[in-house]
Each structure stands twice: as C-alpha cells, then as structure tokens.
Amino acid sequence: PDYAQVARAHTGASVEVRGKLVESKGSGQKWEVVAAEFKVLGEADATYPLQKKGHTLEFLREIAHLRPRSNLFGAVFRVRSRLAYAIHQFFQAKGFFYVHPPIITASDCEGAGELFRVSTLDPLNPPKTPEGAIDYQQDFFARPTYLTVSGQLEAEIFACALSNVYTFGPTFRAENSNTSRHASEFWMIEPEIAFCDLSGNMDLAEEFVKYLIRDAQEHCAADLEFFSKFVDKDLLARLAFVVDRPFQRCSYTEAIEILTQSGKTWEHPVAWGDNLQSEHERFLAEEHFKCPVTLYNYPRSLKPFYMRVNEGEPADRQTVRAMDLLVPGIGEIIGGSQREERLEVLRENMAQHHLSEKDYWWYVDLRRYGTVPHSGFGLGFERMLMFVTGVGNIRDVIPFARTPGTAEF
C-alpha cells in the first residue's frame, strides 16, 4: 500500500482499503484485512473529538453530530431502527391500520397544560382584542394551536371506523423536567382498539412489550451483547426473565397498601388519591414484584376526562379504568385506559375537568353517533429503548435530544 496515504489516516478519517480478508492472529477479533491498496477518502484533523478512549455520555451529547460513530451509539441507533420496524410488523400482522394524527392541534389531550404553542403572530406586537387579550382570530389557524401531546383522540376517531388502529409519531411536552426519563420531544406508539375492555388492553400491552424484546433478542443479538458488556451486565438475564413470565397485575388501591406497609421512608409521602412517583413505581417493579407489573383502576381525580368511570366498585365512581405498565429500571413505559363511551358520563367528566364541549364537539360526536366500547394505550418509544438497551438516560436513545434549554442540533 501507499504508506504516504496511511500516514494521512488519522482517527476519524474515512478510507478505502482493498486486500484479502483473512483469519486474524490477533486477539479480540476474528478477521483482518491484509491491505494491497489503501486510500484516504476524507481526512480528519487532529482536533477530531472522538479519540480511541472512553468518553462520558455527557461529553458525547455535546457532539451529537459525531456520537453515532461511536460503538455505543451505533448499537443504540441500530436497535432503535430495528424496533421501529418491529412495531409496524406487530400491528400490521394483527390487522391494525396505521393512522397519522396531526402534529399541530387545538386540543390538550392530557389536560396538563404543558404545551408548545404554534403561532405566526408577532411576539413583540401581537394583535389585541378590545378587552386587551391576544386576538388569536388573527393567528394562522384563527385559534390557539399547539404541538400535539398525543395522537389518541384522533386515533379514537379512526377506531370508531376501522376498528383497530395505531399511531407512531413524535409528541411534545413543555414540561420543565430534567430527569433521565423525560424529554420535550419523544416518539409514541398509540394503538386504539374497538370492542376492547381494560383487560384486553392490558393483554395487548403485555404481548406488545414481549414481542419487541423477542425481536431485539433475535435481530440485535450482537448489539445486546455489547450493551451487556459495557452498559448493564444484567441486561440479557433481565430481558429473558421478562419475556418468559407473565406480568403481574395490581390495582392502584392494592399498590398504595403495599407501599404503605413496606416500611420504607419515601421522599414523596404515599396516600390514596395521590400520584405515584418514580420511587414508588420502581419499588413496585424492582423490589416488590421483581418483574413488570400493570397497575389499574386509578382514582378518577388523577386521570384525564376520557377514561371510563368504574361503577359498582367499593369506591363507587371514584376510580377509572386506567392502567400503567411499570418495568424494572425505568418505571412507567405504558399508560392507557378503557375510554368512556357513555355520552352522559363523558359530559360529566368534561364538566369536572372544566373542559368546554364546544372545544371538543367532534369528540362528543363519537359518543352521539354509534358509540362503541374501546380502549388504547401509549408506549413511549424512548423508554422502551432504555429498557431494551440498558441505557439509563432518555437523552441517549434519541438521535437529537430536546430537553429544557437544549436544542443545539
């Protein structure tokens, strides 16, 4: 080979090599190339940040344009690509139809108010109403609009026509959270199933998670092996354990009793009617049940307006048919519910949440015109990837993380 060319091949350079592929005599590799020709196609200067040493994940986030070239992130994004394909395989094989909900929406599905506004108004000089408020009638869509937090409400429209549908797309939350599990832009998979109750919904969620793990075990074996060596030594055993056993199921009320009687001191106190925090969810999955667990029948006051109200329970009409799937190491990766299909109860829920029927007239119409029992859930794609790879931060399983104060790339 041309040794002047070899001398130009610094770390990071792209090269073209021709030669013979032979069995390697060196350790740690099976094959090597005995080069006959060697040519540098693209030089890398000495400031190339990815050197032949270990780098912290924090440092690699600062060079997100180069980090896919590292071993770790090459493996992460190969798995991400494969599981995106597997998601479509799973639902298409079951006869689900893929629906594309809008990214710009006028509705807040979750009711939490953590939305990114979409507007073409001049922020320094917006038009005003006679009362002095911003006049959104003069905005692009003639009303306040936002980036979507969920495609669920639109998926319900199509489930009432096509029976079984799913969405898979980006969602946005303007929540000022800097935890390892939260991002401002992330991807969600949201099936919606007609003629399905809460039990069937939980069955599908469990089957779905197990399918994705098995697919990764089959098609990403080398990458999972890499993660088990360098990220989480217990990963392969944990994934095998999860697919081989049924998930546990536990009502919210039972979970509160378990947490109260655990003898542990909680950072966030436990009481019936309060949201479970990450520490509570992880205790249930990692220490108490030691496997994935689906919690169901949450207090009505904690959940959005569209969840079906339970009747005939000891706490009559105080709980809804909600379910959250918790997994070890992450906490919640799926949230879902049976939807409230009864028109009068839906109206009552909307009133309790101070929602205007005028703003959701089309959603109410679904209950007026041939209502149908139906259920669905949302799987956070990045949280699923964290579980499958063992990577501990959501910023490291999405190509370009969007978190508070971060939109560099």
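1. In helix H11 (residues 361-368), Asp365 and Arg368 stand three residues apart, which means that about one helical turn separates them. In this predicted model, the two residues form a salt bridge whose closest N and O atoms are 2.8 Å apart. Asp365 is buried at 17% relative accessible area, whereas Arg368 is partly exposed at 44%.

2. A second pair, Asp232 and Arg238, meets through its side chains in a salt bridge of 2.7 Å, N to O. Asp232 counts as buried, because its relative accessibility of 16% falls under the 20% cut-off. Arg238, at 21%, counts as partly exposed.

3. The side chains of Arg18 and Glu16 also meet in a salt bridge, at 3.3 Å from N to O. Arg18 is partly exposed, with a relative accessible area of 48%; Glu16 is likewise partly exposed, at 29%.

4. The structure holds 27 salt bridges. A network of such bridges links Arg300, Glu311, Arg317, Glu340, Arg342 and Glu348.

5. Eight strands make up an open sheet of mixed pairing, ordered S3-S7-S8-S13-S12-S11-S10-S9. Its edges are strand S3 (97-98) and strand S9 (248-251), each of which pairs on one side only. Within the sheet, strand S10 (residues 293-299) and strand S11 (residues 319-327) run antiparallel and are joined by six bridges. Leu295 has Asp324 in S11 as its bridge partner.

6. Two helices lie across strands of this sheet. Helix H3 (residues 71-93) lies across S3, strand S7 (164-172) and strand S8 (185-194), at about 150° to S7. Helix H5 (residues 198-219) lies across S8, S9, S10, S11, strand S12 (331-338) and strand S13 (374-380), running at about 30° to S13.

Definitions and conventions:
Residues numbered from 1 in each chain as written. Predicted model: local features only at pLDDT ≥ 70, side-chain atom pairs only at ≥ 80, totals over all residues. Heavy atoms only, no water. Pairing = 2+ DSSP bridges. Helix = DSSP H or I, 4+ residues; strand = E, 2+ residues; numbered from the N terminus. Contact = heavy atoms within 4.5 Å. Axes fitted to C-alpha atoms, helices over the stretch in contact; angles between N-to-C directions. Salt bridge = Lys/Arg side-chain N within 4 Å of Asp/Glu carboxyl O. Buried < 20%, exposed > 50% of the residue type's maximum accessible area, 1.4 Å probe, protein only.
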